[in-house]
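Please look through the sequence and the three-dimensional model shown here before reading on. The paragraphs after it are meant to be read with both in view.

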Amino acid sequence: MTGHEQEEPAARRTPDAGEPHAATGGEPRTAGTGAAHRKAREDHPERTAAAGAADAGDTADTVGTAGGPAREDGAEVNTGTIIETTGVPETAIPELVIISGMSGAGRSTAAKCLEDLGWFVVDNLPPALIPTMVELGARSQGNVARIAVVVDVRGRRFFDNLRESLADLATKHVTRRIVFLESSDDALVRRFESVRRPHPLQGDGRIVDGIAAERELLRELRGDADLVIDTSSLNVHELRAKMDAQFAGEEEPELRATVMSFGFKYGLPVDADLVVDMRFLPNPHWVPELRQYTGLNEEVAAYVFNQPGAKEFLDRYAELLRLVQTGYRREGKRYVTIAVGCTGGKHRSVAMSEKLAARLVSEGVETVVVHRDMGRE
């Protein structure tokens, strides 16, 4: 196991497994609050709506009850957790991130990272309540500007409402991003076996049966994800570093890129959007004085870029990426992972990744460089 938590610890859960858990303070008001106000009006019919609002801390304009008072803007206040958004400026709508992915792939770690960055995090919220959560944030007068919601198959039948909720958010022009945590079957099996817990969809079958069922259930959501992170070979600290790189900035850039070197003999990165192959260049591994070094070494980099076609490839691929960047921005895609491979991920791919990342930075693209397989030999 690489250190990812599969579920929230028991101490963080509520007694009712179906009750949404807010990882940070500021609990949203629920339908039970409205019921309490109705009971108070029945016991004290002489109280006016204005007096009731004053005793409740002037919250009547935020959460209403059946037959409640009209708001100052003339809109009738709804019951329970349904919040009337008339009059709320668009800039008050919180930014939303939906964290999902395979069980055991590190959803809890990703959520805790966002919590540490100041996000309001809600774990295992039924998807049908996501629009309501956003509306509650809009009523917070800017106190809840960023909301992260963990959505996964623990919600069982509630998960089917996710597509409808996403469509509802789109009609309300809510800025939302989907982060999908991915991992290989082998890594997931090892993690579940190490903690001796069944997969949520395993039933009477094996762990691999539950994993296969979950992959099929999440297939469409993975395709819609703005950011896919493969945690197969990541530990907790490396996953947090990736989340920090994407969400720690004060200002959201137009496009963020991860340039990842890798070795083909260790397998393709599953979260790569673009893959390029440096094996058309001579391998420094066969040069005795360079073999022990990596592509970060100046002599190795000079050897790589002195080979026929290396500089031309860099120039032309950088030009291609400029075209791709324009399309990604036009389509609203904010993250791209460019995987640069060679045989072992030590020399050619590392040297090319460094040069390519420098080109992207010079063109205003916020870029993170990751050397996945360097040092494995």
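This is a predicted model: local features need pLDDT of at least 70, side-chain atom pairs count only at pLDDT 80 or more; totals for chains, interfaces and linings use all residues.

Residues are numbered from 1 along each chain as its sequence is written, and side-chain values use heavy atoms, with hydrogens and water left out.

The chain holds eleven helices and ten strands; these are DSSP runs numbered from the N terminus, helices being H or I of at least four residues and strands E of at least two. Of its 377 residues, 45% count as buried, where buried means under 20% relative accessible area, exposed over 50% and partly exposed in between, with a 1.4 Å probe and protein chains only. Among contacts between residues at least 6 apart in sequence, 78% join residues at least 24 apart; a contact means heavy atoms within 4.5 Å.

Consider next an open sheet of four strands, whose order is β8-β9-β7-β10 with parallel pairing. Two strands pair if DSSP finds at least two bridges between them. At the edges stand β8 (274-277) and β10 (366-371), each of which pairs on one side only. From one strand to the next, the twist averages 20°. Strand β9 (residues 335-342) runs parallel to β8 and is joined to it by four bridges; Asp-277 has Gly-341 in β9 as its bridge partner. Helix α10 (residues 310-330) packs on this sheet, where it touches β8 and β9, and its direction makes about 175° with that of β8. Helix α8 (residues 236-247) lies across β7 (256-263), β9 and β10, and runs at about 150° to β7. For such values, axes are lines fitted to C-alpha atoms, for helices over the stretch in contact, and angles run from 0 to 180 degrees between N-to-C directions.

Where is empty space left inside a structure? Rolling a probe the size of a water molecule over the atoms shows this. Searching the whole structure gives three cavities of 30 Å³ or more, and the largest cavity has a volume of about 60 Å³. A cavity is a set of points, on a 1 Å grid over the protein atoms alone, where a 1.4 Å probe fits but cannot get out, and lining residues have an atom within 4 Å of a point. Grid points are joined across faces, edges and corners, and a volume is the space filled by probe spheres set on the points. Residues lining the largest cavity include Leu-255, Leu-321, Gln-325, Tyr-328 and Ile-338. Helix α10 gives the most to this lining, with four residues. By class, the lining has nine nonpolar, one polar and no charged residues; Ala, Val, Leu, Ile, Met, Phe, Trp, Tyr, Cys and Pro count as nonpolar, Asp, Glu, Lys and Arg as charged, and the others, Gly among them, as polar.

Elsewhere, helix α4 (residues 130-138) and α5 pack at an angle of about 35°, their axes 9 Å apart. In this contact, Ile-130, Pro-131 and Val-134 of α4 meet Leu-162, Ser-165, Asp-168 and Leu-169 of α5.

Two loop residues complete the account. Most residues other than glycine have a negative phi. His-173, although not a glycine, has a positive phi of about 60°; it lies in the loop between α5 (162-171) and β5 (176-182). His-173 counts as exposed because its relative accessibility is 59%. Arg-196, in the loop between α6 (185-195) and α7 (207-224), has a positive phi near 55°. With 78% relative accessibility, Arg-196 also counts as exposed.

Key:
On a 1 Å grid over the protein atoms alone, a cavity is a set of points where a 1.4 Å probe fits but cannot get out, and a pocket is an open set with protein on both sides within 12 Å along at least five of seven lines; lining residues have an atom within 4 Å of a point.
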